[in-house]
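Hello,

Here is the structure I promised to pass on, with my notes below it. Have a look whenever you get a moment.

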Amino acid sequence: MLHHKRRIALFSVITLFFSLVFVFFLLFLFLKDAIFPQKKPVVFGSTYMTMDNQYFEVLNSYIESLVEANGDVLITRDGANSQQKQNEQILDMLNMGVDFIFINPVDAKLAMTSLSECERRKVPYIAVDSSLEGRGNTMQVGTVVSDNYAAGALVAQDLMRNRKSAKIVVFYDKNIESTCTRFQGFLDTLNAQSFDYHILFTAFGTTLLHETMIEAQKFLNLQLDFDTIFGSNDPAALGSLAAIQHNNMWHSQLVYGIDGSPASKMMISQGFMQASAAQFPSAIAKTAVNAAYRYVKSGERLGLCKVGVQLVTKENVSDFNIMGWQ
């Protein structure tokens, strides 16, 4: 009888113990967020002048991977070369509650229409690959760009090493700050050395491959003798090269681009392009994302940061990843 009572008592104690464990487990499930608060994801937004240019796709993919590796979220939009559309996208992202915006403006001046709303709502933003106009922008954390002037200068230096004079065709967009700065670096370097050159033809508004092919065809129809192509980015260089080859007018012209894209590196390795001043979208993304997190955590600002460029030629192209970006 006594043994039976002890068994009942032991069973009751065991039952009570597991009941208490179960109760504490349920309490933990309900109260764990209060006891161990979960990190609220930071929601970033990004918008670019166009995603037709592979460079911006790659830049955004680097930004996205860095943001997601930190457990946060990136919402991406394509401005499609329309500042009005990009302004609408920024307002939409603000209404979605984004905490921070990466912007590559279509038009640096007109972008302030929507960015003034960022100022009003106290949402910080950072410019990537292009600057923004306007003073007193308290919510602009900084600007991260390639050293575009140096990129143009590198191309000019290589041209002078390979030619005693040059008859040049230029493709750039006078409405895009980066391409204008590259072209200025190119011209200033040639002029500083009193290099004998003549610009035969300048096509504006050509930073996409298909646009450049059309403009290049217009030039080729003029039947002018030329020996050098300056493309303000790789799509411009590759588009002009495609038009030249399509018209069977290839005769070892020096074709220059700026980007260091996989396609340009392949053309350089095969001898169809002379060189490309390589940008480093991975470094731009890392700099911009790190600056964003520093601001979110401590309010520290970046200011202007220029990321270095490097000339890719047939002599050093093997040092780069031909199939990818750097």
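Phe56 is buried, at 3% relative accessible area (buried means under 20%, exposed over 50% and partly exposed in between, with a 1.4 Å probe and protein chains only). Tyr48 is buried too, at 0%. The ring centres of Tyr48 and Phe56 are 6.0 Å apart and their planes meet at 40 degrees, so this pair is tilted (rings of Phe, Tyr and Trp, the latter by its six-membered ring, pair if their centres lie within 6.5 Å; planes under 30 degrees apart are stacked, over 60 edge-to-face, and the rest tilted).

Another tilted pair joins Phe183 and Phe230, with 5.8 Å between centres and 35 degrees between planes. Phe183 sits in helix α6 and Phe230 in strand β8, 47 residues apart, so the pair links distant parts of the chain (helices, H or I with at least four residues, and strands, E with at least two, are DSSP runs numbered from the N terminus). Phe183 is buried at 10%, and Phe230 is buried at 0%. Ring pairs also bring Tyr172, Phe186 and Phe204 into a cluster with Phe183 and Phe230. Lys174 lies over the face of Phe204, 4.7 Å from the ring centre (this needs NZ of Lys or CZ of Arg within 6 Å of the centre and within 35 degrees of the ring normal).

A word on the source: this is a predicted model, where local features need pLDDT of at least 70 and side-chain atom pairs count only at pLDDT 80 or more, while totals for chains, interfaces and linings use all residues. Residues are numbered from 1 along each chain as its sequence is written, and side-chain values use heavy atoms, leaving out hydrogens and water.

Next, helix α4, residues 112-121. Its buried residues are Met112, Ser114, Leu115, Glu117, Cys118 and Glu119, and they pack against α3, β3, β4 and β5 (contact means heavy atoms within 4.5 Å). Lys122 follows α4 and has a positive phi, near 60 degrees.

Two loops are worth a look as well. Gln223, between α7 and β8, has a positive phi near 60 degrees although it is not a glycine. Gln223 counts as exposed, at 61% relative accessibility. Ser252, in the loop between α8 and β9, is another non-glycine residue with a positive phi, near 65 degrees.

Best wishes
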